[in-house]
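Colleague: I should like to go through this structure with you step by step. May we begin with its charged pairs?

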Amino acid sequence: MCRTGHQSDPPEADDEMASDAAFTALLEDSAEELYESAPCGYLSTLMDGTIAKVNATLLGWLGLEREAVVGRMRFTDLLTVGGKLYHETHFAPLLRMQGRISGIALEVKQTGGARMPVLVSSVVKHGSTGEPLLIRTTVFDARDRRAYEEELLRGRKAAEEAHRQAEADRARLQDALAVLQQSLLPATLPPVPGVETAAHYHTAHPDRLGGDFYDVFPVDGKRFAFFLGDVCGKGPQAAAVTSLTRYTLRAAAVHDSDPVSALTTLNKVLHERYAGSGDPRYCTAVFGTLEPDPGTGQVAIHLASGGHPPVLVLRADGTTDFLPTPGGLLVGILPSAPFVTATTVLDPGDTLLLYTDGLTEARTGEDRDSLYGYEALLAFAAGQAGKPPHAVIQALIGLLDGFGDGLDDDTALLALGAPAPGPATKNAP
Amino acid sequence: MSPLKVTTRDAETGPVLEIVGELDYANAGELRDLLATITLQPGQRFVVDLSRMEFCDSSGITALIAAHSLAQEAQADIVLAGVPANTLRILRIVGLDQIFTLYPDRDSAVRSLDERR
């Protein structure tokens, strides 16, 4: 679009000859006119940069008179400080080396102090013996293009800002989720003198707040309370019930650590909170107390169950059995509910195992009814009898891992044991 | 996998709801929506026939509890008929066998109320 050469495309048809002749004449007549008022700036300089020729378009952009420019200014005098630097370090060396350079973005100074973005291309004209004679330069107006680029940059910045904001929001939500998750489960179990404890929580979905819960905490000088359970449903609503359940049981135990009283309080709280809400929520739970006897090394267990699968007792002598609590009702579905108690004494080396039904309802076959079940669990537990709680939990973690995709529900495990006489006792988290 | 199909009919004793197929997390909502459309009169018997139910998970149990609440609010009686063995085992563990009256099948559930009258 800036070529100054003659346009002499042949006519397409004879009957257009007349108008074509006029067209050609017009072009030939206007070569100088085209140079002067072309839609781009033209500039010829000596090899040292002194401006020898410049067209009116460029003078108009610069706001300068021809007399002030030709023979008096160098090309770099037209550029901004940054443009001068770029010219010296990149533009001029490349031009000398290659004999041409094109499409370089620079800024020229306008009178009045404004800067005008331009795209500059130059070629060196050589003499018949190959010596460089002068530099021909075209200057394109890049204001629209710059505005468009700035628009793109602004758009990209806005997108980056939105992305950054989304990432920050996500991080904040993850932090909040982690704090809430911690409120659902104890980070570690407290040391219980004369008792070994171990627990495990298997999360079926890492980003889904859990519905199973457990805890161990002191109730008075010599007794500790423990509980483990399962809230119906999944997700944040279930997690809210889990949190309410955990703190209700802890608070109830401070008031009265009798297991039936604690579950009765929880039943009342859940029923009042959720029964009339159109979204009934309930849970299964085992709540109990531990009373270690430092003299004998025995631990007395007193527990109650509300709709929860029976706990297991693994004896040091190898016998293993459920501690049945039939008839205890789900917690929270009726204004008042029956809860069934059971007691046992752990001799040194015995372990009490609490679990949620994620374990017994893990699928072991293609059929939805092929579940791991209570008989298999009893047999597995019997194989662990005599081991300390952390070893029992480790074995169960191995069992859970073996279920693979068959384990599609959260699973909580809690083992409480009377330490066998021997060297070490410890509390695993 | 067989999808859930729920049908209702009215017996002399009250509505009879039959659950066929699998009652689980994916479709227990259907049953709960349907429960909202059932009207119970005081003294009626609401029979839930489970004899052709093939699977029931905890969401299914929740839907059954919702049916129980519905009957209680209407001062009606609710009974489960033909509970499959697997589900019966779960109902026993969670103690629900105490709050639902259980009948071996639908006919005995409907008949026993007639005899009481």
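This is a predicted model: local features need pLDDT of at least 70, side-chain atom pairs count only at pLDDT 80 or more; totals for chains, interfaces and linings use all residues.

Colleague: In which helix do Lys268(A) and Glu272(A) both lie?

Modeller: The two residues are four places apart, about one turn of the helix. The helix that holds both covers residues 259-274 of chain A and is H8.

Colleague: How far apart are the closest N and O atoms of Arg172(A) and Asp169(A)?

Modeller: Side chains of opposite charge can pair when their charged atoms come close. Arg172(A) and Asp169(A) both lie in helix H6 (residues 143-184) of chain A, three residues apart. Arg172(A), at 53% relative accessibility, counts as exposed, while Asp169(A) is partly exposed at 29%. They form a salt bridge whose closest N and O atoms are separated by 2.7 Å.

Colleague: How many residues apart in the chain are Glu18(B) and Arg52(B)?

Modeller: Glu18(B) forms a salt bridge with Arg52(B), with the closest N and O atoms 3.2 Å apart. This pair links distant parts of the chain: Glu18(B) is in strand S2 (residues 14-23) of chain B, and Arg52(B) is in the loop between strand S3 (45-49) and strand S4 (53-56) of chain B.

Colleague: Which residues are joined into one network with Glu18(B)?

Modeller: Glu18(B) counts as buried at 11% relative accessibility, whereas Arg52(B) is partly exposed at 48%. Salt bridges that share partners join Glu18(B) into one network with Asp49(B), Arg52(B) and Arg106(B).

Colleague: How many salt bridges does the structure hold over all chains?

Modeller: The pairs discussed so far include Lys268(A) with Glu272(A) and Glu18(B) with Arg52(B). Over all chains, the number of salt bridges is 20.

Colleague: Which backbone oxygen does the side chain of Thr248(A) reach?

Modeller: Thr248(A) is found in helix H7 (residues 235-255) of chain A. It is buried, because its relative accessible area of 11% is under 20%. Leaving aside neighbours within four places in sequence, Thr248(A) is in contact with Thr265(A), Leu266(A) and Val269(A). At 2.6 Å, its side chain reaches the backbone oxygen of Leu244(A).

Colleague: At which residue does H5(A) bend?

Modeller: Helix H5 (residues 81-98) of chain A has 18 residues and should span 26 Å at 1.5 Å a residue; its end C-alpha atoms are 24 Å apart, which agrees. Its buried residues are Gly83(A), His87(A), Phe91(A), Ala92(A) and Leu95(A). The helix bends by about 50°, at His87(A).

Terms used: Residues are numbered from 1 along each chain as its sequence is written. Chains are lettered from A and ligands numbered from 1 in the order in which they are written. Side-chain values use heavy atoms; hydrogens and water are left out. The expected span of a helix is 1.5 Å times one less than its number of residues. The bend at a residue is the angle between axes fitted to the seven residues ending there and the seven starting there. Buried means under 20% relative accessible area, exposed over 50%, partly exposed in between (1.4 Å probe, protein chains only). A salt bridge is a side-chain nitrogen of Lys or Arg within 4 Å of a carboxyl oxygen of Asp or Glu. A polar contact is a pair of N or O atoms within 3.5 Å; within protein, one must be able to donate a hydrogen and the other to accept it, and residues adjacent in sequence count only if both atoms are side-chain atoms. Contact means heavy atoms within 4.5 Å.
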